[in-house]
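Trainee: I have not looked at this protein before. Could we go through it together, one question at a time?

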Amino acid sequence: MLKLLVLSSLIVISIFSFEAKSECDISGLWNHSAKPAKLFINLSKGEISVHSHDNNAKAIGLVVLKSLVLDSILTSWNAKMYSAAEDSFVDVKITSKNCNQLSVSFNNEEVLGLLR
């Protein structure tokens with residue numbers, strides 16, 4: 001009976017202490033695939049911001065994506081990205097092609113690529 005109680009307690013503790021993590025740790029600096037810029041992914045803030053930009057110093061510090069959340073399938077992230085065409089933040093999906101390449105898609109079309 002005591003073994004059953006201890007085993008049950010361990011199972012409950014392990015279930016409630018589970019923290020969702022993806023296959024890859026995407027936090028940190030990433031290179032923009034089409035511009036001379038680096039973006040910083042901060043998972044604790046749920047944001048992606050401009051870390052450096054060789055062509056536009058005014059962009060440094062701007063939040064490019066916000067509300068970054070790991071998807072329930074643990075292989076992609078949902079976020080909101082500013083769209084000038086919509087003049088608002090739109091829902092985007094971030095997928096990991098591998099741990100060194102990310103693709104940001106809006107309406108199933110890639111709008112941003114990031115490389116380590």
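**A guided first look**

Trainee: In which strand is the place of Ser76?
Mentor: Before we look, note that this is a predicted model, in which local features need pLDDT of at least 70 and side-chain atom pairs count only at pLDDT 80 or more, while totals for chains, interfaces and linings use all residues. Residues are numbered from 1 along each chain as its sequence is written, and side-chain values use heavy atoms, with hydrogens and water left out. Helices (H or I, at least four residues) and strands (E, at least two) are DSSP runs numbered from the N terminus. Residues 76–83 form the strand that holds Ser76, and its name is strand E5.

Trainee: Is Ser76 buried or exposed?
Mentor: Ser76 touches Val69, Leu70, Asp71, Lys93, Ile94 and Thr95, leaving out residues up to four places away in sequence (contact means heavy atoms within 4.5 Å). Buried means under 20% relative accessible area, exposed over 50%, and partly exposed in between, with a 1.4 Å probe and protein chains only. Ser76 has a relative accessible area of 4%, so Ser76 is buried.

Trainee: How many helices and strands are there in the protein?
Mentor: Going from the N terminus, the elements run α-β-β-β-β-β-β-β-β. The count is therefore 1 helix and 8 strands.

Trainee: What share of the residues in the protein is buried?
Mentor: The protein has 116 residues. Of these, the buried ones make up 30%.

Trainee: Which residues have the most contacts inside the largest nonpolar core?
Mentor: A nonpolar core is a set of buried Ala, Val, Leu, Ile, Met, Phe, Trp, Tyr and Cys residues joined through side-chain atoms within 4.5 Å. The largest one has 21 residues, and those with the most contacts inside it are Ile41, Leu65, Ile94 and Leu102.

Trainee: Which cysteines form a disulfide?
Mentor: A disulfide is a pair of cysteine sulfur atoms within 2.5 Å. Searching the whole structure gives 1 disulfide. With sulfur atoms 1.9 Å apart, the pair is Cys24 and Cys99.

Trainee: How many residues apart are Cys24 and Cys99?
Mentor: The pair links distant parts of the chain. Cys24 is in the loop between helix H1 (2–16) and strand E1 (28–32), and Cys99 is in the loop between strand E6 (88–98) and E7, so they are 75 residues apart.

Trainee: Is this disulfide left-handed or right-handed, then?
Mentor: Cys24 counts as buried at 8% relative accessibility, whereas Cys99, at 38%, counts as partly exposed. The torsion about their S-S bond is about -70°, so the disulfide is left-handed.

Trainee: What is the phi of Ser67?
Mentor: Most residues other than glycine have a negative phi. Ser67, in strand E4 (residues 63–70), is partly exposed with a relative accessible area of 42%. Although Ser67 is not a glycine, its phi is positive, at about 55°.

Trainee: And what is the phi of Asn108?
Mentor: Asn108 is found in the loop between strand E7 (101–106) and strand E8 (109–115). Asn108 has a relative accessible area of 81%, so it is exposed. This residue is not a glycine either, yet its phi is positive, at about 65°.
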